[in-house]
Amino acid sequence: MNHIIKSIIITSTVLFCSCQNSNNKSVVQKTVDEWTGKEIQFPQNLECTTFDNILQCPDTNKANYKIMLYTDSLGCTGCRTKLEVWKKLIQEADTIFEHKPDFLFFFQPKYRGLKELKILLRNYHFDYPVFVDTENEIMRLNNFPKEPEYQCFLLDKDNKVVMIGNPVLNPGIWELYKKIIRERSLL
């Protein structure tokens, strides 16, 4: 990756993060450095669902850009995922990008079950397909960071991490995602 773009990403991520002390900033920089350029491995043959039916999963290799979110079943899944905000981001992406990124949602509903996941999707009227990973295969393949704010990735067409950060937890990350997609689309 171009060193200038990488520097912008690291600097912007550090600035947009709510971390205030230098120790946390170095953790952010270390996480960004570790994950930038890393290829995300996707499990094969996962089920996809929406709140009302099962359907074919999105192709993880189709779009030039993908925004991938991993969510495990620990804690308040609805609180952490903020599906209502994701719906707005998807709608915005549909309107501002000629070739919109795919949104890939991986849920690991092991402790709460598929039924509760569907209730969560129904409550938020979230009709975008989500991958159901009851065996947590994607985590085993990739060993994502433990912090939820680092379990969301902007990926390129080869599934390599361009940027790390969750845009629904930090709106500045969404602005960076959009900027990167726009700039790289011009190349």
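Select helix H4 (residues 83-96) together with helix H7 (residues 171-185) in this predicted model. Their axes approach to within 13 Å and cross at roughly 25°. Because angles under 35 degrees count as roughly parallel, H4 is roughly parallel to H7. The crossing of the two helices, H4 and H7, is right-handed.

Next, display the side chains at this contact. On H4, select Leu89, Glu92, Ala93 and Ile96; on H7, select Trp174, Lys178 and Arg182. Sorted by class, the contact of H4 with H7 comprises four nonpolar and three charged residues, with no polar ones.

Turn now to the largest nonpolar core, which has 31 residues. Within this core, select Ile67, Trp86, Phe103, Phe105, Phe126, Leu154 and Tyr177, the members that touch the most other members. To see where the core draws its residues, colour the elements that give two or more: the helices are H4, H5 (113-123) and H7, and the strands are E3 (66-71), E4 (102-107), E5 (130-132), E6 (152-155) and E7 (161-164). H7 contributes the most to this core, with six residues.

Centre the view on Phe126. Leaving aside residues up to four places away in sequence, Phe126 touches Phe51, Leu83, Trp86, Lys87, Ile90, Phe105 and Leu121.

Notes. Residues are numbered from 1 along each chain as its sequence is written. This is a predicted model: local features need pLDDT of at least 70, side-chain atom pairs count only at pLDDT 80 or more; totals for chains, interfaces and linings use all residues. Side-chain values use heavy atoms; hydrogens and water are left out. Axes are lines fitted to C-alpha atoms, for helices over the stretch in contact, and angles run from 0 to 180 degrees between N-to-C directions. Helices (H or I, at least four residues) and strands (E, at least two) are DSSP runs, numbered from the N terminus. Angles under 35 degrees count as roughly parallel, over 145 as roughly antiparallel, 65 to 115 as roughly perpendicular and the rest as oblique. A crossing is left-handed if the near helix is turned anticlockwise from the far one by less than a right angle, and right-handed if clockwise. Contact means heavy atoms within 4.5 Å. Ala, Val, Leu, Ile, Met, Phe, Trp, Tyr, Cys and Pro count as nonpolar, Asp, Glu, Lys and Arg as charged, and the others, Gly among them, as polar. A nonpolar core is a set of buried Ala, Val, Leu, Ile, Met, Phe, Trp, Tyr and Cys residues joined through side-chain atoms within 4.5 Å. Buried means under 20% relative accessible area, exposed over 50%, partly exposed in between (1.4 Å probe, protein chains only).
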